[in-house]
Amino acid sequence: MVGGRASDVLIRKGMPALKARPLILYISAAVAPFGLLIAHVHSATVAIALIAIVAFVVYSWFINTAAMIPDVVPENAVGSVLGIMGTAGGLGGALFQPLVGYLVAHYSFAPVFAMAGSMHLAGALILWSLKRDVKAPSLICEEVHEA
């Protein structure tokens with residue numbers, strides 16, 4: 001809830017939604033590499049704290065990406081885009097499970113936590129590389145109708 005609320009607070013303070021939501025994604029992604037440490041700590045308390053931090057990143061990312069979709073696609077495509085995202089997430093989870101089993105059985109949890117700690121950072125870099133000035137979809141649709 002904190003990750004979603006943070007972008008709402010920034011938007012209420014006047015920051016455009018298409019700047020506030022990615023900013024929270026970038027901050028969350030910067031925290032995600034703490035997941036790399038999970039396999040190397042020798043305290044259950046520290047491991048649980050690190051897992052909680054990574055869980056925060058995952059949910060912050062989920063909430064803000066879902067909230068960003070209506071900001072960048074036309075209203076009539078929001079459901080389809082969210083459906084595609086959900087399908088991709090489900091398929092990714094289905095493919096990730098056997099990989100996790102293999103890595104843990106043949107190596108350790110370290111590569112699993114390394115992947116978990118780096119994926120959001122990779123996603124943020126991809127998001128940043130695709131960054132461009134985008135008008136709100138409602139404005140785009142209004143301009144098309146006026147023309």
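I take contact to mean heavy atoms within 4.5 Å. Helices (H or I, at least four residues) and strands (E, at least two) are DSSP runs, numbered from the N terminus.

**Entry 1: ground rules**

I am working on a predicted model, where local features need pLDDT of at least 70, side-chain atom pairs count only at pLDDT 80 or more, and totals for chains, interfaces and linings use all residues. Residues are numbered from 1 along each chain as its sequence is written, and side-chain values use heavy atoms, with hydrogens and water left out.

**Entry 2: confidence**

I checked pLDDT, the predictor's confidence in each residue, from 0 to 100. The chain has a mean of 84, and 89% of its residues reach 70 or more. Over residues 139–147 the pLDDT is below 50. Beyond near neighbours in sequence, I find three contacts for this stretch in the model. Where pLDDT is low, the predicted coordinates should not be read in detail.

**Entry 3: the chain as a whole**

I count six helices and zero strands. From the N terminus on, the order is α-α-α-α-α-α. I then looked at burial (buried is under 20% relative accessible area, exposed over 50%, partly exposed in between; 1.4 Å probe, protein chains only). Buried residues make up 23% of the 147 in the chain. Of the contacts between residues at least 6 apart in sequence, 62% join residues at least 24 apart. The accessible surface comes to about 9600 Å², and 72% of that belongs to carbon and sulfur atoms. Areas come from the Shrake-Rupley method with a 1.4 Å probe; for residues, only the protein chains shown count as cover.

**Entry 4: helix α2**

I turned to α2, residues 17–31. Its 15 residues reach 21 Å from first C-alpha to last, close to the expected 21 Å. The expected span is 1.5 Å times one less than the number of residues. Its buried residues are Ala20, Arg21, Pro22, Ile24, Leu25, Ser28 and Ala29. What covers them? The cover includes α1 (2–12), α3 (44–72) and α5 (110–129).

**Entry 5: a salt bridge**

I searched for salt bridges (a side-chain nitrogen of Lys or Arg within 4 Å of a carboxyl oxygen of Asp or Glu). The count is one. Aspartate 71 pairs with arginine 21, the closest N and O atoms being 3.3 Å apart. Aspartate 71 lies in helix α3 and arginine 21 in helix α2, so the pair ties together parts that are 50 residues apart in sequence. Both aspartate 71 and arginine 21 are buried.

**Entry 6: helix α4**

I compared the span of α4 with expectation. Its 29 residues should span 42 Å, and the end C-alpha atoms are 42 Å apart, which agrees. The buried residues of α4 are Val78, Val100 and Leu103. They pack against α3 and α5.

**Entry 7: two residues**

Is histidine 120 buried or exposed? At 15% relative accessibility, histidine 120 counts as buried. I place histidine 120 in helix α5. Leaving out residues up to four places away in sequence, histidine 120 touches Ala29, Ala32, Val57, Val58 and Trp61.

Isoleucine 63 is in helix α3. Isoleucine 63 is partly exposed, at 41% relative accessible area. With Val58, Tyr59 and Phe62, Ile63 makes a nonpolar surface patch of about 410 Å². Patches take residues with over 30% relative accessible area and no salt bridge; like charges are joined within 9 Å, nonpolar side chains (Val, Leu, Ile, Met, Phe, Trp, Tyr) within 5 Å.
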